[in-house]
Amino acid sequence: MPASPSTARALNDRLALRLLQQEGPLTAGQLKQLTGLSRPTVADLVDRLTAAGLITVVGESGEQRRGPNARLYGIVAGRAHLAALDVRTEGVLVLVSDLLGRVLAEASAPIGGDTGTGPAVERAVAAVERAVKEGGADRLHTVGIGAPGLIDPATGDLRDSAGLPAWHRSLVAALQDRLPGARVTVENETNLAALAEQREGAARDRDTFVLLWLGHGVGAAVVLDGSLRRGASGGTGEIGFLPVPGTASLPSATDCDGGFHSLAGAAAVVSLAAECGLPAPGPADGPGAARAVRGAVTRASAADERFLRALADRVAVGAASVAAVLDPGCVVLGGEVGRAGGAVLAGLVGERLRRMSPLATEVRASGLGGTAVLRGALLTARERAQDELFAPPER
């Protein structure tokens, strides 16, 4: 059935706004050419979007002839302000942007493991408020949060997970209370990193791939046919619990020890480095494991090569399991350890994977470094804000 006039107007408006977002400022004539709409229809939508405060004249084209058709229209970037948070076990990173995703301010708040829930939440919220003030924003429209752990698909809430700080779950409620009117959403960190790699990083040419997260723990994000898959309970990608050979036991419903985590988690990586005679990297956490891998890549001694090959063998066990079930064609190595290993580790894992699996699976290093979760949180916040704002009410 043909769309009603109001539906058609809303669709045309959203199409024009998406083009202005992707292409930058455009004239009415360029909008007509790119949308295929008639000149009167374009003139009508320009008037509508201008009245709604979504677009404005930002200049004139370089044409000799001046007039309405030479005006350049652009999205009003200050129409809404957004915040993105990367919530870690040891603190939080924050950035504030305009509606187009341009970063206006950044802040961070380290939070020690012995910090109580109340003080930890207060530090994190204060970092957000500081970034909002420095970015010149009166208020936030949408806040996107990336955090470790499972997200309940029914409620969108972060589940209570063993081993994760209690302040993570309390932070969402505190932000909703302290930022009146803001839409606050939370997503698993690995899923957000995958979205960022898909849009801006190593998987830009792929609509099906898996991001293998190698950090303090291990995880995976699954993108199939362009869509992120979360599973019935939000647990898609919990490969730390994957039973694998080479461990002393089997994982349980409450403990991933004995699963893939015991092969490729940070403690296992640091222990493997010690077995290979490498210098102690420090604590057996994500940063410590990353230092061990980065040092091995940089030094490239015989012991370093043994360590990297042994680590690649372990990572390939998880990658081969993913490939056997999903056949994604591409695996991206992210997280602190994946980023530290870079192209060297990705190449070794790919080499081992080709010997283990009959399925052609390319292995790539993350293209976004340590910014993947923040970028994913910002992209998600921007899309949700635009979904609401890019549907102007009827006049």
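## Two paired strands

In which sense do strand E5 and E6 pair, and over how many bridges? This is a predicted model, and in it strand E5 (residues 91-98) pairs with E6 in the antiparallel sense, over seven bridges.

Five strands form an open sheet in the order E6-E5-E4-E7-E8, and their pairing is mixed. At the edges are strand E6 (103-110) and strand E8 (183-188), each of which pairs on one side only. From one strand to the next, the twist averages 15°.

## Helices on the sheet

Helix H5 (residues 167-178) packs on the sheet and touches strand E4 (81-88), E5, strand E7 (142-147) and E8. The direction of H5 makes about 165° with that of E4.

Helix H12 (residues 372-389) packs on the sheet too, touching E4, E5, E6, E7 and E8. For H12, the angle with the direction of E4 is about 145°.

## A pair of helices

Next, find helix H9 (residues 286-299) and helix H10 (residues 302-326): they pack at an angle of about 130°, with their axes 9 Å apart. That angle makes H9 oblique to H10. The crossing of H9 and H10 is left-handed.

Which residues meet here? From H9 come Ala292, Val293, Gly295, Ala296, Val297 and Arg299, and they meet Asp304, Phe307, Leu308 and Leu311 in H10. Sorted by class, the contact of H9 with H10 has seven nonpolar residues, one polar and two charged.

Methods: Residues numbered from 1 in each chain as written. Predicted model: local features only at pLDDT ≥ 70, side-chain atom pairs only at ≥ 80, totals over all residues. Heavy atoms only, no water. Axes fitted to C-alpha atoms, helices over the stretch in contact; angles between N-to-C directions. Helix = DSSP H or I, 4+ residues; strand = E, 2+ residues; numbered from the N terminus. Parallel < 35°, antiparallel > 145°, perpendicular 65-115°, else oblique. Left-handed = near helix turned anticlockwise from the far one by under 90°. Contact = heavy atoms within 4.5 Å. Nonpolar A, V, L, I, M, F, W, Y, C, P; charged D, E, K, R; others polar. Pairing = 2+ DSSP bridges.
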